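Biologist: Could you take me through this model feature by feature, giving the general idea before each case?

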Amino acid sequence: MLLSGRRTQHAAQQTAEAAGLTFAGQQLAAVTSFKYLGIAFHSSTCLAGAAAPARAQLARLAMHNCRTRCAEVGIEAAPVQLRLFGTMVDSVLSHGAEVWGVQLACCHRGSAGSAAEKLQLSYLRHLLGVRQSTPNAALLAETGERPLWQRWLRRAAKLWNKTLEERPGSLLQQALLSSVQLADGAHFLAQQSWAAQLAAGLAAVGMQLDLQQPAPVDLGELGEAAQRRQLQLQLQLAQLQEALAKGGASRLEHYVHNVVGALNLAPAMFGQRETYLDAVRRRQDREALAQLRTGSHWGAEETGRWTRRPREQRVCPHCHDGIEDAPHMLLTCPLYAPLRLNFPDLFAEPHPPHRFLRQKPCRLAAFAAACHHGGQPALISAG
Ligand SMILES: [Zn+2]
């Protein structure tokens, strides 16, 4: 069968027959569907189109098991949960992705992408205790996790390298050479060859793969190129959101200006976990800090979004002095003035938000959690 991506079964069948593929001298039959590794592939969709949702469905079960186990044994530490995602969930999610994932890696535009990628991002949101609307860029920067498309591209490049190392004439190498040949020709299926997709995926991060003279891909260079690409995509996204929000209401803009610091934007901000995720053990402390950092907090700036209230009307209900955003809550709102007295080390000198947030993570998280609870008027009057 041929995964043609044609819309109808009839067109797909015709495409497959017209391709006239052979194996060991025999013409291959055109069928409309088949099952492989538990995934049903159909001729009317492409390889990734069938694989990504099917893997995501299996991985969703693995994710629930993983969360249940963590809850049962009381695992709250973020690094452990991230590692468990890698071993219990991503192993199911990205199974065989060096083959099917490369197609998604080459057409990536920085959004959440496939069902498989959405699942990873939803796990990260749950881990940080932030809402679904929290920007993907902030999630990945906070947790230091690589987006799945990068992992898939890396795995595909490794498979490419490994195949080139095989003894000449091995089955794997024959398959690779056929794929390269197909990519090279003017055949209408050229774009669907695995080698062509790998080359396109690498080209998307600014690396060239010469299919005429196959040579190993430098994996170190690939890692750096992919990080640069990620930053570039996120910057485009930030600019877009800025334009949409007309002057700075987006969460991503908050993240860039108040957390990272606009001058500190660099590819290195991806791929490294923020220290508070390792240092802060208590889940509620960690979540309160993560919420303030990602802009997914309890203040009017965020809650006003739910009712589509214009930004200038999302003023602080406690002091009515300015918009209730993260810097207002952390640094100026008089509601939290008594709490600040308990954290003199954090307020010893005035800081802009992005410097303030670079102080001791445990203290920041304890303060954020105290604000979260102290910010509830009912609690204040009761206390
Ligand atoms: Zn206030």
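Modeller: Start with the backbone just after helix α12, where G261 takes a positive phi of about 90°; helices here are DSSP runs of H or I with at least four residues, strands are E runs of at least two, and both are numbered from the N terminus. The model is predicted, so that local features need pLDDT of at least 70 and side-chain atom pairs count only at pLDDT 80 or more, while totals for chains, interfaces and linings use all residues. Residues are numbered from 1 along each chain as its sequence is written.

Biologist: How many residues of α12 are buried?

Modeller: A residue is buried if 20 or more other C-beta atoms, placed from the backbone, lie within 10 Å of its own, exposed if 12 or fewer do, and partly exposed in between. By that count α12, which spans residues 251–260, is mostly covered, with 7 of its 10 residues buried, among them R251, H254 and Y255. Across the chain of 383 residues, buried residues make up 37%.

Biologist: Why does L164 count as partly exposed?

Modeller: L164, which has its place in helix α8 (residues 148–165), counts as partly exposed because it has 14 C-beta neighbours inside 10 Å. Contacts are a separate matter, since two residues are in contact if their C-beta atoms, placed from the backbone, lie within 7 Å. Leaving aside residues up to four places away in sequence, L164 touches P214 and P216; P214 is 50 residues from L164 in sequence, with 7.8 Å between their C-alpha atoms.

Biologist: At what angle do the axes of α2 and α3 cross?

Modeller: Axes are lines fitted to C-alpha atoms, for helices over the stretch in contact, and angles run from 0 to 180 degrees between N-to-C directions. The axes of α2 (residues 47–73) and α3 (residues 78–93) come within 8 Å and cross at roughly 150°, which makes the two helices roughly antiparallel, a label for angles over 145 degrees.

Biologist: Which residues of α2 and α3 meet?

Modeller: On the α2 side they include L58, A62 and M63, and on the α3 side F85, M88 and V89 are among them.

Biologist: Where does α3 bend?

Modeller: The bend at a residue is the angle between axes fitted to the seven residues ending there and the seven starting there, and α3 bends by about 35° at G86. Among the buried residues of α3 are A78, F85 and D90, and the buried residues of this helix pack against α2, α6 (115–128), α13 (275–279) and α14 (283–294).

Notes
Parallel < 35°, antiparallel > 145°, perpendicular 65-115°, else oblique.
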